[in-house]
Number of protein chains: 2
Amino acid sequence: MEGISNEACSLAGHWGLGKLIAFYDDNHISIDGDTEIAFTESVDTRFEGLGWHVIWVKNGNTGYDDIRAAIKEAKAVKDKPTLIKITTTIGFGSPNKANSYSVHGSALGAKEVEATRKNLGWPYEPFHVPEDVKNHWSRHVSEGAAFEAEWNAKFAEYEKKYPEEAAELKSIIIGELPAGWEKALPTYTAESPADATRNLSQQNLNALAKVLPGLLGGSADLASSNMTLLKMFGDFQRNTPEERNVRFGVREHGMGSICNGIALHSPGLIPYCATFFVFTDYMRAAIRISALSEAGVIYVMTHDSIGLGEDGPTHQPIEHLASFRAMPNILMLRPADGNETAGAYKVAVLNRKRPSVLALSRQKLPQLLGTSIEGVAKGGYTISDNSTGNKPDVILVGTGSELEIAAKAADELRKEGKAVRVVSLVSWELFDEQSDVYKESILPASVTARVSIEAGSTFGWEKIVGPKGKAIGIDRFGASAPAGKIYKEFGITAEAVIAAAKELC
Amino acid sequence: MEGISNEACSLAGHWGLGKLIAFYDDNHISIDGDTEIAFTESVDTRFEGLGWHVIWVKNGNTGYDDIRAAIKEAKAVKDKPTLIKITTTIGFGSPNKANSYSVHGSALGAKEVEATRKNLGWPYEPFHVPEDVKNHWSRHVSEGAAFEAEWNAKFAEYEKKYPEEAAELKSIIIGELPAGWEKALPTYTAESPADATRNLSQQNLNALAKVLPGLLGGSADLASSNMTLLKMFGDFQRNTPEERNVRFGVREHGMGSICNGIALHSPGLIPYCATFFVFTDYMRAAIRISALSEAGVIYVMTHDSIGLGEDGPTHQPIEHLASFRAMPNILMLRPADGNETAGAYKVAVLNRKRPSVLALSRQKLPQLLGTSIEGVAKGGYTISDNSTGNKPDVILVGTGSELEIAAKAADELRKEGKAVRVVSLVSWELFDEQSDVYKESILPASVTARVSIEAGSTFGWEKIVGPKGKAIGIDRFGASAPAGKIYKEFGITAEAVIAAAKELC
């Protein structure tokens, strides 16, 4: 019933995943009772529409030969995934609870277990495995050993013939990053041209794809907006499985889950996927599973604020940065320019057990003085400071596209004689993990005059600016207007930062 | 392609929505190019599987008669929704951009507009409506007036025959709540039996359904866990549209969107929908649309913390409270007991242009002294206090199931001579909206010794407890264990509150 299953199964059909065999336990019971109350579609017909081969085993309770035959048939179909619909009785064998929803969510209970054992003719004690069952299954031990030996021999042969390719495959299987891979990351100076971080992201992806054989991914039908195409590769399709640009279609939830599967398949596979940042709402369950399952998926989320402009409030994230900062085991990164985007990718690639969400701008941003790959690794760092003795008059904190605004405000304030520190807080999680000494060197407790600026919800910023500071942000939905105009209307400006700073120091 | 469309369309088929006619613009182009790259399923077959009547108009560009015939046929099919698949050329008429993705996301541009006008034989100036077109469409004015007069006459007749039913229908159409409806809300004393707020929620829903004719809703296949069944009503089904228990199936995203539609249809319709709180991740996009569209949907979200126990981290919300507190125009309510649950429902029913999310416990909670419906309306209020002069030694702040813990800790601290205030912060948004005087009366600025306790992310709590206070919460994923054990393991205990309070005062 879940929409995600249709998204994923539609793609499986499109890709012709002939090795995929899905068993559908057609028992007609869900938690609320008979599926008749909410689910009367023809699953068979739907899956045929999705391009699957469908087999129906009518007696799934005891029709062992039919099940075997279905599996054999499914294996023989090489160009389509197969759905084996097996009609069963839930709780089969339980004399009083079979075919009822009470079997779905709770245990049978001792009495009914006893009755079920009797009914099924199972005379053994709990957890006893009869000898003939054990023997029957034990044959798989030697079988498996033989399969493994065969594979190892084949791989050894392959390694001899194709040492380079074998090394690459091995690195993907064991998850060892190639030595010096991070040298591929592009670097920028303040003189490098202004650019949107979504474009800088594409430079990083393309640079990294050359050195990371396991990097692959794509977008949910927004590749040309998210800037996620790897230019040296073609599309991953049914007949071109060696390519690395995955076309997910408008299927965000399925996309995230597929990337989880890729990440968890082999530690050296590094999947990335992309959509507009606001559409993380469509795939949040998959992103949470990345975090919970320690799947190091890279989420390339562009159009990360009201700065996207005319598409308006349906497309403008507000609460999304806060919502990911609150999620455990995930890195929310909002780089401000080229060096920070490279830094964010370095962090994302290194964190194979923690997914990363990169929030990237649609609009052009200047390359800032003082940003660095090393700074990003610490989550928060000073990009400019004219104070001495760790005692600035005021600290301005920005992230992403608003770091530029903080830097501009600092320039003005300094002209008026203020000692101003500008801090980039690109990743709260990474900053939290730094030593107290480091954190104090960036945000000294004695300096309570702090102004933050971020084009998103101010929720959570009290932690950074404290009760005496001021958080500039947006606590309402966005609006449709060109980026420049909307920033001004919403007060996300250097003037607002300057005014707030002057009130505080 | 989006999973939600399959969820909603599966339900439309199940309910046999014969009045629903969907036009599917089969133009084979999406933002990333030809749909062939990601979408090759048979939409027709899928929709037939979903129980829809499917019509294919092969020439949607100029086949006007075929389109008319299809609509006529669709209207004649009364027991199924109809999908009219119309194969078209995107940008039809544009000589250079027709049938390409460049028409999807950007304007044609002046030159191509000119060429298209020429190609289509459209000689008029921009925004000019030729007289014959105007006349052709203007006939709908008198037609519409006649339809309206007919409806009004019919309603007047109905009103005469069935004054009570007509008044009810009218109240739903205009959205006027029946006078004194709030008297139906159940109240509790500290002697009322302990109960889970999910059960108390069901008492409220059943009490309110008697007085609110527009209240209807259900759960995504968790009705018996979310406790959302209205006992005096049957199931809303194909042949029982007068009933009010909606069976959404395991389709959270579709459920939320359907409730948005119900809420926006008539101001007097008050839809509620339910699942486990963690599964708001599956429907977050729909919930955000509620907030953005000012649709007063009531989200009944049970199993709201690690307190749900054995189902473990996949089912245990952590960051969810914070994620909704950061969302604009939505009320996140976490009631602690019976009176607060009634208060939350009062707020939710009154807020017809702001959705409410009710986080409710699976586990039993005692009825607390000092909680009230009126208190909930203010978002935050004092439930007990042995201090004088608005100067407690320490303020303990709790929400939901942890308010009990705060109250217990206060009892202990008071035994040791401390002046302790206990504050229930049931809704941050409502509290934020109170006057500064009121807020100061609850959380006086001079009292920096504050301890909060909530079985969820501490993200955002700095705002409440300040830099000198302590937020007790959970900033990691949960674990599978009985509620009592897991609370202890995670340090969500009265002992932890007492220890923190003693450090501060």
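**Surroundings of A:Ser219**

Leaving aside residues up to four places away in sequence, A:Ser219 touches A:Asn226, A:Thr228, A:Val246, A:Arg247, A:Phe248, A:Gly249, A:Met255 and A:Ala274. The model is a predicted one. A:Ser219 belongs to strand β7 of chain A, which comprises residues 215-219.

The relative accessible area of A:Ser219 is 2%, and the residue is therefore buried, the cut-off for that class being under 20%. The side chain of A:Ser219 also reaches the backbone nitrogen of A:Ala223, at 3.1 Å.

**Chain A as a whole**

Chain A contains 20 helices and 19 strands. Its C-alpha trace spans about 90 × 60 × 45 Å along the principal axes. Of the 505 residues of the chain, 55% count as buried.

Considering contacts in chain A between residues at least 6 apart in sequence, 74% join residues at least 24 apart. The chain exposes about 21900 Å², of which carbon and sulfur atoms supply 55%.

**A nonpolar patch on chain A**

A:Phe92, A:Leu120, A:Trp122, A:Tyr124, A:Val129, A:Val133 and A:Trp137 make a nonpolar surface patch of about 690 Å². One of these residues, A:Trp122, is located in the loop between α5 (110-120) and α6 (131-161) of chain A. With a relative accessible area of 39%, A:Trp122 is classed as partly exposed.

**Helix α15 of chain B**

Helix α15 of chain B has 13 residues, 403-415. At 1.5 Å a residue the helix should span 18 Å, and its end C-alpha atoms are 19 Å apart, which agrees. The expected span is 1.5 Å times one less than the number of residues.

The buried residues of α15(B) are B:Leu403, B:Glu404, B:Ile405, B:Ala406, B:Ala407, B:Ala409, B:Ala410 and B:Leu413. In an α-helix there are 3.6 residues a turn, so residues three or four places apart point the same way. After α15(B) comes B:Gly417, which has a positive phi, near 90 degrees.

B:Ile492 is situated in the loop between α19 (483-489) and α20 (494-504) of chain B. Its relative accessibility is 1%, so B:Ile492 counts as buried.

Not counting residues up to four places away in sequence, B:Ile492 touches B:Ile306, B:Glu402, B:Ile405, B:Ile453, B:Ala455, B:Ile472, B:Gly473, B:Ile474 and B:Tyr487. Among these partners is B:Ile405, a buried residue of α15(B). The C-alpha atoms of B:Ile492 and B:Ile405 are separated by 8.2 Å, although the two residues are 87 residues apart along the chain.

Methods:
Residues are numbered from 1 along each chain as its sequence is written. Chains are lettered from A and ligands numbered from 1 in the order in which they are written. This is a predicted model: local features need pLDDT of at least 70, side-chain atom pairs count only at pLDDT 80 or more; totals for chains, interfaces and linings use all residues. Side-chain values use heavy atoms; hydrogens and water are left out. Helices (H or I, at least four residues) and strands (E, at least two) are DSSP runs, numbered from the N terminus. Buried means under 20% relative accessible area, exposed over 50%, partly exposed in between (1.4 Å probe, protein chains only). Contact means heavy atoms within 4.5 Å. A polar contact is a pair of N or O atoms within 3.5 Å; within protein, one must be able to donate a hydrogen and the other to accept it, and residues adjacent in sequence count only if both atoms are side-chain atoms. Patches are made of residues with over 30% relative accessible area and no salt bridge: like charges are joined within 9 Å, nonpolar side chains (Val, Leu, Ile, Met, Phe, Trp, Tyr) within 5 Å. Accessible areas come from the Shrake-Rupley method with a 1.4 Å probe; for residues, only the protein chains shown count as cover. A salt bridge is a side-chain nitrogen of Lys or Arg within 4 Å of a carboxyl oxygen of Asp or Glu.
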